[in-house]
Amino acid sequence: MASSAVARETIVSLRHQIAKIEGRLAETFAGENGDVHLRRQDGLPQGDFLATGAERFDAALGGGFPGAGLTEIHATGMRDAGAAAGFVMGLLHLLVERTSSPLLWVGLSESFREAGYPYPPGIRFLHGIDPARLLIAQAQKLNDVLWIAEQAASIDGFAGILLETRGPSAHLDLTATRRLHRRALDAGCPLFLLRQMAVCEPTAAPFRVVITSAPAGTRHLLGKPLARSIGPPAFLVRIDKNRINPPSEFILEWNAHARAFSERAATDPVPVVPASQHRAAAAAAPGTILAFSSPAGSTPAGGQPSGEQHPAHRGHG
Amino acid sequence: MVSRQENNTQRIAAMDEEAARLGLKPGMGIADARAMHPGIEVVAEEAKADRRLLEALADWCDRYTPLVALDGAEGLFLDVTGCVHLFGGEEAMLAGMLERFSEQGFRVRAGLASTPGAAWAAARFSATGTILQEGDERSFLENLPLAALRIEARTISGLESVGLRAIGMILTAPRAPLARRFGSLLLLRLDQALGEIEESISPRLPVAALSVERHLAEPIGLVEDIERLLLLLSGSLRRDLERRGEGARLFELLLFRVDGAVSRISVGSSLPLREAGPVGRLFHERLVVLGTALEPGYGFDLVRLSAFETARLDMPQADLAGAGNTQGEDIALFADRVRARLGTASVLQPHLAQSHVPERASLFVPFDGGAGPPQPPIAHNPERPLRLFARPEPIEVPLTEVPEGPPRNFRWRRSVHRVARAEGPERISPEWWLTSAPDVEADETKTDKDERETKREAAQKEAVAIETARMTRDYFRVEDTEGHRFWLYREGLYGRKEIVPRWYLQGVSA
């Protein structure tokens with residue numbers, strides 16, 4: 001009995017070394033049947049995941065977003081706050097269907113003022129969340145917002161918490177996020193930290209995802225795509241911090257009727273300019289999954305410079 | 001000396017003993033007084049400050065009884081029925097009260113009697129500290145002047161002109177002629193002072209359903225001490241509430257400072273509360289926010305916890321594992337604590353309203369622990385953005401493809417967005433039935449009344465049509481070249497020279 005445990009230990013350490021040599025991340029191992037993930041995450045209940053439904057995306061996260069604890073969501077620009085909130089609401093809608101508890105959306109008053117207040121009719125249309133199941137909390141100061149979130153996470157009453165802040169802040173450091181993470185883990189409640197216009201700093205969240213708006217899909221009429229229509233909203237999701245897999249990038253679409261995410265297939269092109277021509281490409285992972293080839297190298301035809309890139313005073317350059 | 005503006009002249013409103021010794025009298029003109037004694041010092045009266053001082057004193061008197069009423073600009077009524085034994089009897093209570101007042105630097109006159117009228121007279125027309133036993137009112141009042149009756153000066157001078165100078169004379173006079181000549185108020189006051197007609201004072205503050213208090217020999221000042229004491233008080237309050245089968249939704253903590261200032265801290269809860277723990281936590285949040293604003297000074301020597309707005313509260317039966325269905329309560333308590341610390345607007349609940357104007361369709365109401373106001377049935381579920389700005393933000397639209405169409409590009413918050421795709425318009429008309437009809441002036445040159453009326457109606461219809469066209473919105477869902485989806489609208493229709501359409505961005509979509 002003891003010898004077999006020692007043998008397993010040896011095997012695990014050998015696999016560590018092999019993983020290092022191969023350039024994979026050490027937390028991922030192929031088990032006996034090939035798809036078992038050995039994961040080292042503090043107290044994360046195995047198997048309780050918020051799966052988006054997009055298979056390759058979920059697999060990159062090792063099964064989905066954690067069903068409890070802190071997850072960091074970044075919206076790089078103020079204009080992406082709508083997309084980021086829509087993405088999180090899509091994840092939370094699963095929980096709302098599962099339980100009868102309400103959702104809490106905590107935010108800085110400033111972030112609501114700048115990026116818009118939650119609009120319950122829109123949330124109902126897009127995610128099917130009954131407005132009666134939504135509570136909004138706001139405060140002027142970040143310390144107060146964090147206090148509200150911590151109090152909310154420490155009671156066993158909310159199906160999920162969305163904590164929205166704006167700008168970089170010294171208060172949201174490793175200690176503060178660890179507190180939030182522990183509280184949310186203990187309550188078994190997912191806490192999404194939605195940060196607008198913040199830089200990626202070390203936090204206690206196991207996952208960090210950067211969300212940017214992507215051109216929406218098209219509506220379909222009689223089975224055919226309808227030109228120039230704005231269909232299901234799409235998100236360019238970059239998994240920025242992931243202990244299981246290397247960083248990767250996906251385009252996910254939210255289907256408001258099926259209320260599910262799906263990955264945009266390459267055969268479903270959207271005839272508009274691509275979203276991320278000015279963005280840095282994700283680090284190319286050696287020989288592993290990548291949702292789509294990075295568009296950064298080639299500027300596609302029809303690519304239009306945005307107003308932010310070409311301010312008026314620079315003229316025609 | 002304090003002066004007061006009265007009928008365009010400055011008169012003496014109040015003065016100290018030294019001024020009285022000089023022969024001055026209240027009501028005298030300041031100019032006369034100055035002529036007599038040029039050295040007097042005159043200060044303008046501040047009625048509001050006096051009022052505040054009197055209210056602060058009334059607050060302080062709360063320590064004796066919850067029934068404290070203001071009496072005019074200079075007096076206080078205290079209904080001490082049932083409170084006397086707590087302070088060691090009537091004499092001890094009155095003596096202690098007078099002593100505390102004089103320690104604070106006030107000179108007060110006090111009287112105690114079984115009716116408010118007699119007490120009023122005793123405080124003003126006899127040695128201070130007079131206590132009238134029940135039944136002694138008649139003999140006490142007999143010798144007092146008419147001013148002791150709380151009646152108008154005009155009535156007093158009227159009575160004096162017919163030779164009735166003391167209350168005793170009125171008591172023996174026939175009642176009917178008195179009432180006919182001087183009004184019923186005179187007899188009412190007389191009866192009230194004698195206790196033949198019940199008179200109740202109206203307390204200035206609502207009376208708590210239950211309150212517990214603790215007198216402290218050694219004043220406390222630390223917040224931790226207050227919280228510890230608070231737990232003890234709410235523990236004994238809990239027993240009383242439990243006996244009544246009730247919980248309270250509003251708690252008030254009164255802290256009586258040694259030097260007479262009184263701090264009131266109140267917390268509300270959305271569900272009736274009884275347990276000491278949650279009540280203590282709610283007060284904890286308030287005390288944290290107050291912080292140094294509490295100003296304990298030399299410490300508090302009396303702490304009282306009162307419960308208002310009691311409501312029925314049945315203990316829910318816990319299941320065998322010992323856990324009841326406390327989820328809703330948890331959230332209500334969480335919301336209470338957030339509100340106690342950050343104000344009522346900090347926890348909000350969406351409420352959908354019956355309106356097709358987007359910003360009116362949804363509003364936020366403070367969360368009250370329940371399901372909130374009833375939600376209207378969902379008539380239809382239109383496509384709407386995920387986030388809406390507090391008010392629509394103006395955008396610059398230089399060019400549209402067709403006059404009534406979506407913009408080609410627009411400038412919002414100092415950056416230009418090129419529209420890649422657009423859907424719309426969705427036309428939303430103003431809610432004309434909520435606004436009043438515009439006023440239209442009739443054309444006065446027309447002489448015929450009917451013709452004038454017809455013209456006026458036509459002009460009014462025209463004004464309504466223009467207003468409607470001005471307020472009509474065409475909404476577009478647009479996506480810019482970077483993939484951001486916006487919800488914007490043009491307000492005002494084209495085609496009328498008096499209307500200039502304007503563009504606004506109202507929301508962002510996922």
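In this predicted model, helices H11(B) and H12(B) cross in the right-handed sense. Helix H11 spans residues 223-244 of chain B and helix H12 residues 276-290 of chain B, and the two pack at an angle of about 150° with their axes 9 Å apart. From H11(B) the contact draws on B:Val223, B:Ile226, B:Glu227, B:Leu230, B:Leu231, B:Ser234, B:Gly235 and B:Arg238, while H12(B) contributes B:Ala276, B:Val279, B:Gly280, B:Phe283, B:His284 and B:Leu287. Sorted by class, the residues in this contact of H11(B) with H12(B) are eight nonpolar, four polar and two charged.

Strand E1 (residues 2-6) of chain B runs antiparallel to strand E2 (residues 9-14) of chain B, and five bridges join them. Along this pairing B:Val2 has B:Ala14 as its bridge partner in E2(B), and B:Gln5 stands opposite B:Gln10. Two residues lie between the strands in the hairpin of E1(B) and E2(B), where B:Asn7 takes a positive phi near 45°.

A second open sheet draws strands from both chains: its eleven strands have the order E14(A)-E13(A)-E12(A)-E9(A)-E3(A)-E8(A)-E7(A)-E4(A)-E6(A)-E12(B)-E13(B), with mixed pairing. The edges are taken by strand E14 (260-263) of chain A and by E13 of chain B, each with a single partner strand, so one side of each is left without a neighbour in the sheet. On average, and with direction ignored, neighbouring strands of this sheet are turned by 30° against each other. Within the sheet, strand E7 (residues 160-166) of chain A and strand E8 (residues 190-196) of chain A run parallel and are joined by six bridges, with A:Leu193 in E8(A) as the bridge partner of A:Leu163. Helix H6 (residues 142-154) of chain A lies across strand E4 (103-108), strand E6 (134-139), E7 and E8 of chain A, and runs at about 165° to E4(A).

The largest nonpolar core has 106 residues, and those with the most contacts inside it are A:Val88, A:Val106, A:Ala149, A:Ile161 and A:Leu191. Helix H3 (residues 81-98) of chain A gives the most to this core, with eleven residues. Leaving aside residues up to four places away in sequence, A:Leu191 touches A:Gly69, A:Leu70, A:Ala149, A:Ala153, A:Ile161, A:Leu163, A:Leu180 and A:Ala184. Another core, of 58 residues, lies apart from the largest one and includes B:Leu76, B:Ala193, B:Val262 and B:Leu273.

How many residues of each chain take part where chain B is in contact with chain A? The contact involves 48 residues of chain B and 51 residues of chain A. On the side of chain B that touches chain A, at least two residues each come from helix H13 (327-342) and from strands E12 (347-352), E13 (362-366), E14 (387-400), E16 (415-428), E17 (473-480) and E19 (502-508) of chain B. The residues of that side divide into 22 nonpolar, 14 polar and twelve charged. Strand pairing also links the chains, in that strand E5 (residues 117-118) of chain A and E14(B) pair in the antiparallel sense over two bridges, with B:Leu388 as the bridge partner of A:Tyr117.

How values were computed
Residues numbered from 1 in each chain as written. Chains lettered and ligands numbered in written order. Predicted model: local features only at pLDDT ≥ 70, side-chain atom pairs only at ≥ 80, totals over all residues. Contact = placed C-beta atoms within 7 Å. Helix = DSSP H or I, 4+ residues; strand = E, 2+ residues; numbered from the N terminus. Nonpolar A, V, L, I, M, F, W, Y, C, P; charged D, E, K, R; others polar. Pairing = 2+ DSSP bridges. Axes fitted to C-alpha atoms, helices over the stretch in contact; angles between N-to-C directions. Left-handed = near helix turned anticlockwise from the far one by under 90°. Core = buried A, V, L, I, M, F, W, Y, C linked by C-beta atoms within 7 Å. Buried ≥ 20, exposed ≤ 12 C-beta atoms within 10 Å, placed from the backbone.
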